[in-house]
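Student: I'm new to this structure. Could you walk me through it?
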Amino acid sequence: MILSVSNIHKSFNEVPVLQNISFHIEDYDKAAIVGINGAGKTTLLRIIMGELSADEGIVTLSKDKTVGYLSQHQAVSSENTIYDELLSVKQDIIELEHKIRSIELQMKTASDEKLSQLMDTYSNLTHAFESANGYAYKSELVGVLKGLGFAENDFSKSVSTLSGGQKTRVALGKLLLQNPSLIILDEPTNHLDMSSITWLETYLLNYKGAVVIVSHDRYFLDRIANKVIEIDHSRATVFTGNYSAYAAKKEQLRIAEYNAYMNQQREIKHQEEVIEKLRSFNREKSIKRAESREKMLNKIEVLEKPSETRSDMHLRLEPKFLSGNDVLHVENLSKSFGELHLFEHLSFDIRRGEHVAIIGDNGTGKTTILKIINELLPPDEGSIRLGANVQIGYYDQEHHVLHPDKTLFEEISDDYPTLTNTEIRNTLAAFLFTGDDVFKQIKSLSGGERGRVSLAKLMLSESNFLILDEPTNHLDIMSKEILEDALNGYTGTVLYVSHDRYFINKTATRILDLRQKQLTEYLGNYEYYLEKKQETVLSSPSSSPSLNATASSGQIPSENKQDWKNQKELQAARRKKENDLKKCEERIEQLETRNTEIDDLMASPDVCTNVAKLQELSSEKGENEAELETLYEKWENLSED
């Protein structure tokens with residue numbers, strides 16, 4: 001066991017946030033903490049880290065264990081470059097390397113008596129250097145930076161010039177390089193694109209320590225978590241398995257609790273009817289029997305009605321009228337900002353009823369496409385044409401459609417003047433704004449609250465073409481599921497940008513992948529996209545036409561013929577990878593054998609006093625270790641494939 005959380009209680013202004021929270025984290029656990037916004041997840045992490053004191057309870061970290069914590073908001077302030085900031089984590093290894101080089105110089109001129117002492121020190125230092133992965137720390141650092149989405153030309157940028165999201169990525173990189181016994185991450189994927197999230201998933205899956213994550217990214221939790229700690233109504237319940245296993249078990253428990261409640265209510269009603277009937281007989285024996293039953297009924301521990309959290313927020317999207325079959329035609333679209341060329345010559349069509357997701361790395365221009373369609377930005381080239389009777393409803397991730405100085409009530413009433421006060425209040429209540437909440441100013445709301453107001457306006461718009469920019473940002477898991485259900489029941493057309501893979505998998509019927517300034521089309525959800533993308537990587541470039549090429553040719557190859565071709569290419573690629581894997585294993589064995597021989601030679605009487613030979617062997621071993629590090633990574637990648 002690495003962490004014990006026992007009987008934690010915490011209240012704010014006498015309102016309980018956490019009650020009797022208890023769980024354990026074992027040495028290799030990958031645990032997720034889930035719950036709706038405001039459930040107390042971040043509060044719990046701060047208590048674990050000692051940043052906040054609990055009213056009651058104990059947090060115990062095992063002896064000799066270290067912990068690293070990434071909070072949601074990072075105040076990273078440094079004049080270092082990005083590379084040097086991460087390099088500072090490896091200062092102990094750098095100092096160790098300097099000591100080794102210094103002793104090597106001393107050994108050249110040392111007397112025999114001094115040489116023996118230096119040799120012992122040298123042996124201890126090189127062993128410590130190896131144990132700390134000293135031969136590969138630079139490649140490890142570069143790998144983390146690239147994995148988190150930094151290009152090599154970013155390495156020299158000053159940390160002080162970075163955005164908040166970039167600083168969070170720097171902080172995450174430093175944390176990962178520290179290799180603590182326990183990593184605690186609060187919403188680590190918020191500032192990462194899909195490629196970086198996928199890299200982080202693989203990194204954490206292979207991490208030798210324990211990991212605790214607070215996240216609303218269900219796909220991320222599905223891949224990583226082997227334990228889910230749910231905080232609901234200020235109490236914690238521990239589930240074994242990933243997010244999907246938790247969700248299934250949670251639903252089973254909810255159904256069981258609801259059935260138990262309903263059965264008890266039926267039994268109570270039945271007993272009350274029997275008691276009333278017995279009393280109506282108005283006989284001594286029947287009255288005594290009624291009293292006896294009443295006493296038994298009063299002793300029953302009445303079950304509370306299970307909360308129907310998802311029924312609290314109501315989102316029903318329905319177009320006022322149908323659009324034409326052709327909803328949107330985009331032709332030859334290009335856009336640049338100065339020297340930054342986002343995309344060029346994009347062409348695609350969207351038809352009524354489609355749910356189309358645009359995906360891609362950060363900075364590729366996904367949001368820019370939506371803004372051009374909404375006439376918020378002009379294109380450099382190309383044209384946008386809407387179909388007949390198309391009415392757009394736009395959800396902006398930055399919520400520019402909201403007016404910061406207006407109250408919630410004014411935001412709705414000004415845009416929809418025909419609504420009565422009661423209708424406005426009912427609409428806001430459906431999105432969990434009740435009582436005096438409706439008089440709050442927009443600028444005082446959290447990101448999640450602003451998202452709910454934008455969704456309320458979207459529902460009222462009755463548009464038949466929804467354009468959504470990162471609609472799940474700042475939403476908790478429950479709210480995301482409500483939005484998914486609403487979109488899946490929506491009979492209009494949807495075009496959206498999102499990096500929420502679970503959301504895409506649930507709602508998309510077609511995916512447009514924006515990469516290298518071009519769009520590639522995948523007919524299906526996110527799982528289908530991953531499957532086809534893997535086949536595309538393994539097959540020749542000609543077997544994966546771009547969207548533009550497919551659209552202009554107007555021809556779709558035979559599905560069976562294409563699948564057969566892909567299968568043959570997949571088999572050939574698999575054979576090649578198996579051969580590469582075998583060669584990789586053989587080379588690893590050769591280098592490990594040679595390193596063992598070097599260790600024996602360096603310890604032998606003939607060599608241990610020969611400085612020149614020792615340096616030669618040490619240098620050879622260093623080169624071997626560097627190559628081994630690369631080979632180990634290659635072997636992992638080949639084994640995964």
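Student: Which residues line the largest cavity?
Tutor: L317, E318, L458, M459, S461, E462, S463, L466 and Y490 line the largest cavity. They count as lining because each has an atom within 4 Å of a cavity point, on a 1 Å grid over the protein atoms alone, where a 1.4 Å probe fits but cannot get out. Helix α14 (residues 447-461) gives the largest share of that lining, 3 residues. This is a predicted model, where local features need pLDDT of at least 70 and side-chain atom pairs 80 or more, while totals for chains, interfaces and linings use all residues. Residues are numbered from 1 along each chain as its sequence is written, and side-chain values use heavy atoms, without hydrogens and water.

Student: How do you know what span helix α9 should have?
Tutor: The expected span is 1.5 Å times one less than the number of residues. For the 39 residues of α9 (residues 243-281) that gives 57 Å, and the end C-alpha atoms are 57 Å apart, so the two agree.

Student: Which residues of α9 are called buried?
Tutor: Buried means under 20% relative accessible area (1.4 Å probe, protein chains only). Y243, Y246, Y261, Q264, I268, Q271, I275 and L278 of α9 are buried.

Student: What follows α9?
Tutor: N282, whose phi is positive, near 60°.

Student: What is the average pLDDT of the chain?
Tutor: pLDDT, the predictor's confidence in each residue from 0 to 100, averages 87 over the chain, and 92% of the residues score at least 70. Over residues 542-561 the pLDDT is below 50. Where pLDDT is low, the predicted coordinates should not be read in detail.

Methods. Contact = heavy atoms within 4.5 Å. Helix = DSSP H or I, 4+ residues; strand = E, 2+ residues; numbered from the N terminus. Buried < 20%, exposed > 50% of the residue type's maximum accessible area, 1.4 Å probe, protein only. 1 Å grid on protein atoms, 1.4 Å probe; cavity = no way out; pocket = protein on both sides within 12 Å on 5 of 7 lines; lining within 4 Å.
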